Amino acid sequence: MSDLPFLLLMIAVPAVGAAVVAALPRGRDQLARQVALGVSLLVLVLAVLAAVAFDTAGERFQLTSSWTWIADFGVSFALGVDGIALVMLLLIGVLVPVVIGASWQDDAAGIGDVATDKRSMKAYFAWLLLLEAMMVGVFAATDVFLFYVFFEAMLVPMYFIIGSFGGPRRQYAAVKFFLYSLVGGLIMLAAVIGLYVVSNSQLGEGTFAFDALRGLEIDPGVQKLLFLGFFIAFAIKAPLVPFHTWLPDSGSEAPIGGAVLLVGVLDKVGTFGFLRYCLPLFPDASRFFAPYVLVLAVAGILYAALLAMGQSDMKRLVAYTSISHFGFIALGIFAFTTEAATGAVLYMVNHGIATGLLFLVVGMLIARGRSRQIGDYGGVAAKAPLLAGVFLVAGLASLALPGTNSFVSEFLVLIGSFPTQPVFTILATAGIILAALYILLMYQRTMHGPPRGVLLQEDPAEPLPAGGGATATLAAPTRSLRVLDLDRRELAVVAPLVALIIVLGVYPQPLLGLIEPAVSATMSDLGGTAR
Amino acid sequence: MIEAPDLSLAALAPLLFIFGAACVGVLVEAFWPRDTRHPVQVSVALVGTVGALVCTLLLAGSREITAGGALAVDGAGLFLQATIAGLGALSLLLFAERSLDPARSAFVTSAAVPAGSPRDRELLTSTRVQTEVYPLASFAIGGMMLFTAANDLLIMFVALEVLSLPLYLISGMARRRRLLSQEAAVKYFLLGAFASAFFLYGLALVYGATGSVRFSDIRSASLADGTDILLVLGLALLVVGLLFKASVAPFHTWTPDVYQGAPTPVTAFMAACTKVAAFGAILRLLYVAFGTAEWTWRPLVYGVAIVSMIVGAVLGLTQTDLKRMLAYSSIAHAGFLLTGVIGLGAGGEGSGLAATMFYLLAYGLTTLGAFAVLTLIRVGDGEATHLSQWAGLASRSPLVAAVMALFLLALAGIPLTAGFTGKFAVFRAAIEEGAWPLALVALLASAVAAFFYLRVIVLMYFSSPAADGPTVGVPGLPTTIVLAITATATVALGIVPGSVLDVAEQAAIFVG
């Protein structure tokens, strides 16, 4: 059983699934949904089986497999996971079926504007599955070249998801997303080739294998350059202030499902890259640059939180909260303690679940009200108590209330960082207070108080006034959807995430058990100040 | 008593094949009855190119200098000749497409009739097909193949003319927008004549400095006395002549106009094959004749590469016509190719040569495919090359849009396409030689260039179709074959490039 090439299957199954879904005849949207959901559930099963087969006391990289890919470049199609990558694969496995479920009726309820009427949903699901394959590849690659290939190729499905199915400014957002990531990726490509050249001179033959590269003794000056090459790419992806400006646009224009995967998984590639590549490969440079990175991280926590409070567009607000949270993750990673970095990895998972849920709920609200503006809602809780309840759970998880999953990770990051970086940690703590403000204010304005905005509009067919948001032009359904509570499909979509928030809030040990050995190994690569 | 030079006919077989086909084509043009001439001409030209391709493949591995030392048959030459012959055959297929234009051909029936005259209007609707383009193109392909094999400067000059003159002619033969096409031809001819003059002058100076036009003699002369001002000046002038053909900025100004004005199949032919031939000649001249004096040309190529990448990428942003955009893309790619040329090791090793050859193959296939797609999108009688006309193409014709998107992503260098493999190869070669500032500029230029490729994808996929949009022609068999081959190759060279890279690596040898 454990001999199965889980990782290869986890890439191949959604990739083949994407091809199958894309090849379905036009108009078979229902079938496309079912196939997509089935494929994504299969990947989830594979991810769980892989986690079961993973031995926490065993080698650092497990489930490895390797084939020569491009011999001339010294590239192998080498896959393998450590605990950090494995929890990310689990997160992907959970989020993709949820996203597919959440996008089930998007053609009717409207995720974008007019264009989605004409565009078959099967293209959307095919891109989602292709994206899943690429995301698995990014986390499972143990060859730096292969990692780079997935890192860049991943942009294409996301670009089409945002561009084809997004909101009114989707063209702008899609191009901005693509170009930011591409620029970062190209700078990283220079560093990847630089690593290859160094390995060529030190090992006698060029290689991209992570394990071989880890053993290199790189000159400190070169290390700094290569570190920056990787760091900029990851900082754009993560995103850290000041490389963040693409995320609010992409996050708010992407369809809800795309947005969940964008901030839930895609952006984690950045923080994952810090841990997997920057720290072990360039330990001296990492220590050299750590104070600067921490400044960016803490600045991001506070600045993005302040911006989040000022947003009137709910999707933008959630995107800004993510930037703030990514600051916490970067803080945990660059504090160089096992505890903080373990917390940071757990934070990556928890943020994917909590913010993913928040995006989903916001999306459900938007599907009802056809507006992304906070000011267009009020008193929703009275009409839709379930929706409001889930909204509250997601919000509280997002602000790291004790008892929710995020609390564990945020707490670990903060107490882990304090011994080495007391000043930055204290400053970061202020972010927690701001988080309470921006989440609770949004909740209060939309869910409580007197009915406002769209709830007062009796005739749903009447288009919203200007500024009414993303979906105003879509033909409205005949009955008033906007005051309905969650239906069974929506409950089924949010239930797993709500359950995970609670369970991981009180019993995070299984994940910590997976994460900690890998983080310890990373910290020992780093040597020196790591404890 | 004049001694006849040694001639290895076997080694010359590819050239004999294609030139033979071209001569037969001239005879067919003169004597074959008009009503069945078109298929015969197409077959003759295809037999010539495919035969030449097969010959180069059979010759693989041979290394010799023949024809009295004037021609080199070596791995690099054969690889590039095979590339030219293969891409040439695909271009000829585009020439032969008959189902797209309502008048059954992209070429004017009688190029001598003044545009707009009554006779011209009469011929506009005639379904008579002009077939002179096939022997002309065959000569051009033969000249290109000779260009990459030339082992002395005189042969190189002759080849330059043999490839250029037919190109000047066929650029002016567009059936639609004839004035634009004729203007392009005149511009190309005038500027091309200048470039040839530069080349010839450089040749004379080099001969004056070294007393020989043979590459091996130039090599030893430049080794002995590398500071000879005549030699350096001569080299500079020669390179200018070649950079012109390769459409490298700042010698690029003809490119957008000619690419736009020429019939699209000819543009495809020029973008793919001329580029390969010109770079073949540049590589041979720099590596073989001046390989030991690289300090003389390295700074020049370095600077020109940067200029070309920046000019191509930045000016490409402002274009609204797809053919012009692809022309600027071709200028930027010429800069990327020069990045590979820089990757020549000091001792003649290094992966620069193999990388450049692979890039040429990958770029040739991709750009040929992109132009082939362009021939499909038509409005009225002509092609719809304005960007705005491509809005919403994906909802109208998903397959065509997907194929075009693939080519654009490959040109932008996105992984899992041929363009990425090529870019990686040349950047690696440059960085290995310590030219990482050049590689950094190249990476930034790629990012800028990516924007205009993306813009087309945005238009095709994310915009609503215009009310009076263009029609998507149903391609006939020839264009379908071209699209299938180029699209498959673009994907295959991105996903499993190993074997082709191996071949390029093994072929990366110059005799000299």
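**View 1. The loop around A:Pro239 holds a cis peptide bond.** A:Pro239 sits in the loop that links helix 11 (220-237) to helix 12 (246-253) of chain A; helices here are DSSP runs of H or I with at least four residues, strands are runs of E with at least two, and both are numbered from the N terminus. The bond from A:Ala238 to A:Pro239 is cis, with omega near -20°. Keep in mind that this is a predicted model: local features need pLDDT of at least 70, side-chain atom pairs count only at pLDDT 80 or more, and totals for chains, interfaces and linings use all residues. Residues are numbered from 1 along each chain as its sequence is written, while chains are lettered from A and ligands numbered from 1 in the order in which they are written.

**View 2. Chain B has a cis bond as well, between B:Ala249 and B:Pro250.** Omega is about 5° for this one. B:Pro250 belongs to the loop between helix 9 (229-245) and helix 10 (254-261) of chain B. For context, most peptide bonds are trans, and most residues other than glycine have a negative phi.

View 3. A:Leu63, in strand 1 (residues 62-70) of chain A, has a positive phi of about 55° although it is not a glycine. A:Leu63 counts as buried because 24 other C-beta atoms lie within 10 Å; the cut-offs are 20 or more for buried, 12 or fewer for exposed, and partly exposed in between, with C-beta atoms placed from the backbone. A:Ala400 has a positive phi too, near 65°, and lies in the loop between helix 19 and helix 20 of chain A. With 29 C-beta neighbours inside 10 Å, A:Ala400 is buried.

**View 4. Helix 20 (residues 405-417) of chain A checks out on length.** Its 13 residues should span 18 Å at 1.5 Å a residue, and the end C-alpha atoms are 19 Å apart, which agrees. The expected span is 1.5 Å times one less than the number of residues. Helix 20 of chain A is mostly covered, with 11 of its 13 residues buried, among them A:Phe407, A:Glu410 and A:Leu414. Those buried residues pack against several helices of chain A, including helix 16 (314-334), helix 17 (338-369) and helix 21 (422-447).

**View 5. Chain A meets chain B.** Here 29 residues of chain A are in contact with 28 residues of chain B; contact takes C-beta atoms, placed from the backbone, within 7 Å.

**View 6. An open sheet of 3 strands in chain B.** The order is 4-3-5, with antiparallel pairing; strands pair if DSSP finds at least two bridges between them. Strand 4 (382-383) and strand 5 (471-472) are the edges, each pairing on one side only. Strand 3 (residues 377-379) of chain B meets strand 4 over 2 bridges, and B:Val379 stands opposite B:Gly382.

Terms used
Two residues are in contact if their C-beta atoms, placed from the backbone, lie within 7 Å.
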